[in-house]
Amino acid sequence: MKNNMSQDDIKSSQLKRIQIRSFVKGGNHGQYFQALGLKELILGIAPNSVVSHLDYNNHIVRELKSQLISGHFPKYISMRYYWDKNFIFSKISSANDLTIYGSDTIWMRDHPVAPNDLVFFGENDSSRRIAYAPSVASRSYNKDIKKISEYIQKFDWIGVRDKNTLDFVYNHTGVKSDYVIDPCFFIADKLFLKYPRMSYLSIYSPDCNNILKCFLSAAETGKFRDSFSDVLNLGYYPRSMFLTSIFNQIEDPKKIIDKVAQSKLLLTSTFHGVMIALMTKTPFIAIPSDILNSRLDSPILNTFSKKRLVSLDKLRIISKSEIQELFDSSDINTNNIKNYINSSKELIANNI
């Protein structure tokens, strides 16, 4: 890996064309938020540049099938509209001064939807390249995969989102990467929103139906009965709610952040569900899994209490006093989050 550019080099460079290679045009809110945040970050650092995303969806057939089966096809079509409305796209053959790889699980081996693809490691790219917050999630690659090692070693700088990816890069390059925060935190108009809290519980999870059953099981014992006026599904909906959820499925994705910011409590099983809660300092419970644990294994774990990681089995029997304690968001350390945001900004500014 090459040395970082000096500040004088950055100031004197004629950088104009920046392409971001990541998952795009999908029906996943987290994918959209990290792309939007990274675009805003780069335009803030290099305002005279043209920032585009690679128009490359290597898993469209798998995703279409997944969205149809789950009953989220309206959301998928709506989000395609917002992708086209809010982003510039460029082809793989485009001439670029810099390519940024990331964010999210573009380096995840055997991704459940997106197949392994060397395009996300630098194939067919002759530009200068860096990576911002890519993740291999809970998976890793054998060090002997020659092509990946060859591509990774051509990066000028790599900032990773989690320890597993830090280890992955080190195994292929011998270089210790920098930790950087997920780029959803760079959506400037949505950071630390100050909305009045409503009395509803929000659920943001592909497993929303099962999580709701656990909630109802607890509610029947009286633990939740007086705590919430309503339960809202955000982003994901049981198939039984297909007709009643269509309007919510097609609304602007950023409204999800507003609704979380007004929630009394968020139940989630996704990485970006946790990130949205931290962005808005919303009390939350996260249902852990191998993939979520691996994606959280970074300095972000220093920004909230581990008591917020609650298994489904524990959620079924959690006491009312424990729930009451989780309504208090004072454990969410906004100073640590702001410091992490600022250090991440500085790192990428020094490397583009």
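Begin by selecting strand β8 (residues 200-204), which pairs with β9 in the parallel sense over 4 bridges; two strands count as paired if DSSP finds at least two bridges between them. Helices (H or I, at least four residues) and strands (E, at least two) are DSSP runs, numbered from the N terminus.

This is a predicted model, in which local features need pLDDT of at least 70, side-chain atom pairs count only at pLDDT 80 or more, and totals for chains, interfaces and linings use all residues. Residues are numbered from 1 along each chain as its sequence is written, and side-chain values use heavy atoms, with hydrogens and water left out.

**The sheet**

Within the pair already selected, Tyr 200 has Asp 230 in β9 as its bridge partner. Now extend the selection to the open sheet of 4 strands, whose order is β9-β8-β10-β11 with parallel pairing. At its edges lie β9 (230-233) and β11 (284-286), each pairing on one side only. On average, neighbouring strands of this sheet are turned by 20° against each other, direction ignored.

**Helices α3 and α4**

Next, select helix α3 (residues 60-70) and helix α4 (residues 73-86), whose axes come within 7 Å and cross at roughly 135°. Axes are lines fitted to C-alpha atoms, for helices over the stretch in contact, and angles run from 0 to 180 degrees between N-to-C directions.

To view the contact (heavy atoms within 4.5 Å), show Ile 60, Glu 63, Leu 64, Gln 67 and Leu 68 in α3 together with Phe 73, Tyr 76 and Arg 80 in α4.

**Helices α2 and α4**

On the α2 side the contact involves His 29, Gln 31, Tyr 32, Ala 35 and Lys 39, and on the α4 side Lys 75, Met 79, Tyr 82, Trp 83 and Asn 86.

**A salt bridge**

Now show the side chains of Asp 156 and Arg 128, which meet in a salt bridge (2.5 Å, N to O). The term requires a side-chain nitrogen of Lys or Arg within 4 Å of a carboxyl oxygen of Asp or Glu. Asp 156 is in the loop between α5 (146-152) and β6 (157-160), while Arg 128 is in strand β5 (residues 128-132), 28 residues apart. The whole structure contains 17 salt bridges.

**Confidence**

Finally, colour the chain by pLDDT, the predictor's confidence in each residue, from 0 to 100. The protein chain averages 88, and 91% of the residues score at least 70. Over residues 8-12 the pLDDT is below 50.
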